[in-house]
Structures are given as structure tokens and as C-alpha cells.
Amino acid sequence: MTSLPFAIDFHVHSDDSYDGHEPIELILEHAADIGLDGVVITDHDEIGESLRAADLAPDYGLIGIPGVEVSTAHGHLLAIGVEERPAPGQPFVRTVRRVRELGGVAVVPHPFQRSRHGVRKRHIRDADAIETYNSMLFTGYRNRRARTFARRRGYPEIGASDAHYLPNVGKAYTEVLVTPEDPDTTKAEIDGDDLVDAILDGRTQIQGKRTPVHKSTVQYAKGAVRKTTYIVTSRAPLVPTVPGSMKRSG
């Protein structure tokens, strides 16, 4: 049976993230210009612009998929294909269950990288997929470690840009192979639910390359400043990490 390939960047931030910069209209236009079939806006604990982007996506010839990057008590988690934001600050496994209840896929982004709130290996349980290629990593070590972890445990693999600036969108992406029951089905008839099912079946291939180091450095530096400003000005709520300790979300 013939499979239909979809090029999707599953991890992109808009200006609705504290460390994002770009409006969704520019992101969607850029995604279409570079030949992507879709882009998922995964802002930090905010889903409003992602829902709007999913609604607007067909106007740009793209498939619309909403999502959000959730700050769990044990690190970040991508909720792909949800229309409601899971509550932040909850234990990792509980958040995974909530993502599934909402009809989405729970993907672990940049695992093990504590400087970016990556989930530690001992806490990764019951996730649906692992982001084994994140284009914003300075070296390939973390990606290789994530890939080894996923393959040893049979997790589907996702590649994404983790872009906060427009030129970085699509630097890495996932080619999702959708196999419709009807061989006459066209790409225009495929929706986000079909892509979610294909991810769960492990029908993914990672494409792309790392963002140049100097661009990653700029993104990290500016993101750190914006995060500090966000916490100070918004008085972001405290999120528990382990019993007896507290940290600010973000």
C-alpha cells in the first residue's frame, strides 16, 4: 500500500512563548515557502496561538496541528495534537496520561539536557515518542544519546527545529508516512489525527541538520534574558520539582 509522506516540524515557538519572537502568520508563511507540509506551534505552557495557527494553516496550504510544550514537574513535554493545554507542574507520567486523554501524542523533547529542562532518564516512562533530533543542540552528543535511548526501548522518533527565530524553522523536521486505507486518498484529505496515528505506529523518518552554532548561541542568550524578564515581571507560578523543593516554571 502506498504511503503519503508529510514533512512536519513538530517543535516551533511563536511570540506567545516568553522566549519566542515570531508571529504565527510569518511562521506559517515561511513553513510553506520552504516546502513543509505543516508546523506545530509548541509555546511554553500557552496554547492560544497554536490553536489559531492550526486554524489558519489550510490558508497557507499546510495541515493544521495544535500543540504545546508543557512544563511538568520533571521537565518539558510536547503535547502534539491537543486542543487544550494540560496543567503545568504535574508529574511527568500524569501529564502523559492527560495528553492521551486529550487525544494527543506525548513527545519528550531534548531529553537529558537539564539546562533546557530535559526530562531525566529515570523519569521517562510511558511517553509516546522521543525527540531524538533537536536542531538547536550545540553538539550531536545529546541527540545520539536520545536516539540510543529511544531505539533500545522501542520509542518512535521525532526530529524538530525547536526554532524561536524564523530562519531556524524547518532546520530539522520529521517525515511522517501516512498509509491511508483507500489508495485514492490524497494528501489534502489527511488530517492531524492521521498524523498522530502514524507517529504512534513509528512511521517516522528524521530529516534536516543542526542549526549553526552561532545562531543557537544567540537564541540561547536572548532566551535566557527574556526568561528572566518574564519571571520577574509576570511572577510566574512556582512549579514543584521534587517533594519539598520548588522552582519557577518556564
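**Chatting through the cores and strands**

Q: Which residues does Leu77 touch, leaving aside those up to four places away in sequence?
A: Leu77 touches Val68, Glu69, Val70, Thr72, Phe92, Thr95, Val96, Val99, Ala106, Val107, Val108 and Pro109. A contact here means heavy atoms within 4.5 Å.

Q: Before we go on, what kind of model is this?
A: It's a predicted model: local features need pLDDT of at least 70, side-chain atom pairs count only at pLDDT 80 or more, and totals for chains, interfaces and linings use all residues. Residues are numbered from 1 along each chain as its sequence is written, and side-chain values use heavy atoms, with hydrogens and water left out.

Q: Back to Leu77. How many residues are in the largest nonpolar core, and which have the most contacts inside it?
A: That core has 21 residues, and those with the most contacts inside it are Leu77, Phe92, Val108, Ile124, Ile130 and Tyr155. A nonpolar core is a set of buried Ala, Val, Leu, Ile, Met, Phe, Trp, Tyr and Cys residues joined through side-chain atoms within 4.5 Å. Buried means under 20% relative accessible area, exposed over 50%, and partly exposed in between (1.4 Å probe, protein chains only).

Q: Which elements give two or more residues to this core?
A: They are β3 (67-72), β4 (75-80), α3 (92-101), β5 (105-108) and α4 (141-153). The most comes from α3, with four residues. Helices (H or I, at least four residues) and strands (E, at least two) are DSSP runs, numbered from the N terminus.

Q: And the second, separate core, how many residues does that have?
A: There are 20, including Ile63, Ile80, Val107 and Val178. In soluble globular proteins, nonpolar side chains tend to be buried together.

Q: Let's look at Ile63. Where is it found, and why does it count as buried?
A: Ile63 lies in the loop between α2 (48-56) and β3. Ile63 counts as buried because its relative accessible area is 10%. Leaving out residues up to four places away in sequence, Ile63 touches Ile8, Asp37, Gly38, Ala57, Ile190, Asp191, Gly192 and Leu195. Ile63 and Glu189 are 126 residues apart in sequence, with their C-alpha atoms 9.7 Å apart in space.

Q: Changing topic: is Glu22 buried or exposed?
A: Buried, at 14% relative accessibility. Glu22 sits in the loop between β1 (4-12) and α1 (24-33).

Q: What does its side chain reach at 3.0 Å?
A: The side chain of Glu22 reaches the backbone nitrogen of Leu166. Beyond four places away in sequence, Glu22 touches Ser14, Asp15, Ile27, His164, Tyr165 and Leu166.

Q: Now β3. Are its faces covered or open?
A: Both are covered: Gly67, Glu69 and Ser71 on one side, and Val68, Val70 and Thr72 on the other, are all buried.

Q: How many bridges join β3 to β4?
A: Six, and the two strands run antiparallel. They form a hairpin with two residues between them, and Val68 stands opposite Ala79 in β4. Two strands pair if DSSP finds at least two bridges between them.

Q: What about strands β6 and β7, parallel or antiparallel?
A: Parallel: four bridges join β6 (residues 129-134) to β7. Glu131 stands opposite Ile158 in β7.

Q: Last one, what does the secondary structure of the whole protein come to?
A: Six helices and 11 strands. Of the 250 residues, 52% count as buried.

Conventions. Polar contact = N/O pair within 3.5 Å; in protein donor to acceptor, adjacent residues only side chain to side chain.
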